[in-house]
Amino acid sequence: MKIAVFPGSFDPITLGHYDIVERAVPLFDKIIIAIGKNSQKKYMFSLEQRKEFIRKTFEKFPNVEVDDFEGLTIDYCKSKNVNFILRGLRNPADFEFEKSIAQTNRALTRENTIETIFLLTSSGKSYISSSIVREIISYGGNYQIMVPDAVRV
Ligand code: ADP
């Protein structure tokens with residue numbers, strides 16, 4: 001089975017994330033959207049809220065699941081027997097950041113290679129990020145245009 005993990009904070013899930021998952025669905029047998037838990041980080045939405053937003057957003061996609069994990073993404077992938085990590089690329093900054101992570105992950109998994117698969121953001125979605133959405137929410141702005149319908153505050 002070709003399974004991909006799409007890791008991130010998803011605080012909250014945006015139309016940028018949705019676009020990447022929707023386009024990856026035909027490429028894999030299953031996609032696990034995995035929320036990484038970082039005890040040092042402050043989140044706007046609780047883990048349960050973030051999972052619920054994702055569950056509702058993908059309820060019509062039988063091959064998309066949501067889960068959470070602590071620690072390194074590659075250790076989570078190994079525990080789930082997953083060989084692919086899915087990531088989205090918005091801009092050159094994402095590229096540089098993702099390159100070092102993907103190369104580190106390859107170095108850490110020599111005998112059991114986990115490949116990172118990148119999809120370029122669709123035009124019109126590259127400006128969307130969870131941090132911008134949080135900023136708009138905190139000032140009472142129209143965040144709805146950047147998130148799936150399931151995300152409501
Ligand atoms: P992190 O906390 O690791 O930054 P995010 O939840 O922000 O995680 O994002 C998870 C993944 O989704 C990353 O690969 C990121 O590049 C991608 N992503 C986020 N926003 C967009 C977007 N607008 N278009 C394409 N990919 C995106």
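## Lining of the largest pocket

In this predicted model, the lining of the largest pocket divides into 14 nonpolar, 17 polar and ten charged residues, where Ala, Val, Leu, Ile, Met, Phe, Trp, Tyr, Cys and Pro count as nonpolar, Asp, Glu, Lys and Arg as charged, and the others, Gly among them, as polar. The lining comprises 41 residues, of which P7, G8, S9, R87 and F97 lie nearest the pocket centre, and α4 gives the most to it, with seven residues. A pocket is, on a 1 Å grid over the protein atoms alone, an open set of points where a 1.4 Å probe fits, with protein on both sides within 12 Å along at least five of seven lines, and lining residues have an atom within 4 Å of a point.

## The ligand and its shell

The space taken by the ligand is the largest pocket, a molecule being placed there if more than half of its atoms lie within 2 Å of the grid points. The ligand is surrounded by 17 residues, the closest being S9, G88, T121, K125 and I128; a residue is near if one of its heavy atoms lies within 4 Å.

## Polar contacts

For polar contacts (pairs of N or O atoms within 3.5 Å), a side-chain N or O atom of T121 is 3.0 Å from a nitrogen atom of the ligand, while one of R87 is 3.1 Å from a ligand oxygen atom.

## Basis of the values

Residues are numbered from 1 along each chain as its sequence is written, and side-chain values use heavy atoms, with hydrogens and water left out. Local features need pLDDT of at least 70 and side-chain atom pairs count only at pLDDT 80 or more, whereas totals for chains, interfaces and linings use all residues.

Conventions: Polar contact = N/O pair within 3.5 Å; in protein donor to acceptor, adjacent residues only side chain to side chain. Helix = DSSP H or I, 4+ residues; strand = E, 2+ residues; numbered from the N terminus.
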